[in-house]
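Subject: Structure handover

Hello,

Here is the structure we talked about handing over. Please open it alongside this email.

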Amino acid sequence: MNPDEFTPKQIEAIKHIRNHTVHKGRSPSIRELMGLLESKSIKSVQEILFTLQQKGIIKKFEDGHYKLVLNPDLGQHIYQTIDVPIVGMVSCGNPLFAEENVEGYLPVSTTIAEPGSKYFLLKVSGDSMDEVGIKDGDLVLIRQQAVAKDGDKVVALIDDDATIKEFQRTGNVVVLKPRSSNKSHKPIILEGNFRIQGVVVTTIPNLD
């Protein structure tokens with residue numbers, strides 16, 4: 001679709017609908033969209049949604065809710081991103097308590113954080129994964145999932161402590177391996193007393 005077919009507010013609405021669907025699993029309500037668009041008029045938001053419906057971007061159902069059915073390429077990089085939450089900090093040394101507090105958001109390209117999965121960003125503390133490019137202060141993009149395969153770099157929750165390690169399974173035993181130039185880091189051997197929170201998709205280097 002040609003970006004010229006859309007007003008700036010319509011483009012902004014598409015972005016908010018897409019982000020809300022990724023993070024909440026549903027489209028925003030009209031009142032939620034009013035807040036996201038910083039609009040004081042329900043009518044203006046309804047008009048935007050009606051226009052998007054006419055263009056085939058959204059589908060409205062009989063009960064009043066709607067969903068995004070077409071994700072147009074608007075030819076502008078900012079509109080080809082989703083806002084991914086930055087959640088707490090994770091240790092790449094000894095496991096560090098991971099508080100589920102969103103500290104902010106970063107726009108990430110949908111070619112990396114593909115729609116259809118949920119993602120979050122964690123800030124790394126420690127050096128136990130530095131040999132695979134995950135260094136102290138970096139951000140790691142995590143795709144939320146509860147399973148992993150051998151060789152995946154995972155965020156594992158052990159009791160209330162989170163850590164990033166390489167996943168290996170042998171029978172009922174799981175080994176979370178460090179990949180570090182610091183040989184003081186040792187593998188963590190587990191059976192069933194842990195949970196996988198997600199798999200590392202990519203690392204965003206610390207540019208400070």
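Below is what I found, starting with the overall picture.

Please bear in mind that this is a predicted model. The protein has 208 residues, and 39% of them are buried. Its secondary structure comprises three helices and 12 strands. Among contacts with a separation of 6 or more, 59% join residues 24 or more positions apart. The accessible surface is about 11600 Å². Carbon and sulfur atoms hold 49% of that area.

Next, confidence. Mean pLDDT for the protein is 83. A value of 70 or more is reached by 84% of the residues. Strand E10 (residues 173-177) has the highest confidence, at a mean of 95. Strand E4 (residues 96-97) has the lowest, at 37. Over residues 95-99, pLDDT stays under 50. The model still gives this stretch 16 contacts beyond four places in sequence. Where pLDDT is low, predicted coordinates should not be read in detail.

Now the nonpolar cores. The largest has 15 residues. Which members touch the most others? They are Ile 17, Leu 33, Leu 49, Leu 52 and Ile 58. Three helices each supply at least two residues of this core: H1 (8-24), H2 (30-37) and H3 (42-54). Leaving aside residues up to four places away in sequence, Leu 33 touches Ala 13, His 16, Ile 17, Pro 28, Val 45, Leu 49 and Tyr 66. There is also a second, separate core, with 13 residues. Its members include Leu 122, Ile 142, Leu 157 and Val 200.

Last, Phe 6. This residue is found in the segment before H1. Is Phe 6 buried or exposed? Phe 6 counts as buried, because its relative accessibility is 7% and the cut-off for buried is under 20%. Phe 6 and Leu 52 are 46 residues apart along the chain. Their C-alpha atoms are separated by 8.9 Å. The ring of Phe 6 also has a charge over it: the charged end of Lys 55 sits there, 5.3 Å from the ring centre. As for aromatic pairs, the count comes to zero.

Then turn to Phe 6 with Lys 55 over its ring.

Best wishes

How values were computed:
Residues numbered from 1 in each chain as written. Predicted model: local features only at pLDDT ≥ 70, side-chain atom pairs only at ≥ 80, totals over all residues. Heavy atoms only, no water. Core = buried A, V, L, I, M, F, W, Y, C linked by side-chain atoms within 4.5 Å. Buried < 20%, exposed > 50% of the residue type's maximum accessible area, 1.4 Å probe, protein only. Helix = DSSP H or I, 4+ residues; strand = E, 2+ residues; numbered from the N terminus. Contact = heavy atoms within 4.5 Å. Phe/Tyr/Trp six-rings, centres within 6.5 Å; stacked < 30°, edge-to-face > 60°. Lys NZ or Arg CZ within 6 Å of the ring centre and 35° of its normal. pLDDT = per-residue confidence, 0-100. Areas by Shrake-Rupley, 256 points an atom, 1.4 Å probe, with all protein chains shown as cover.
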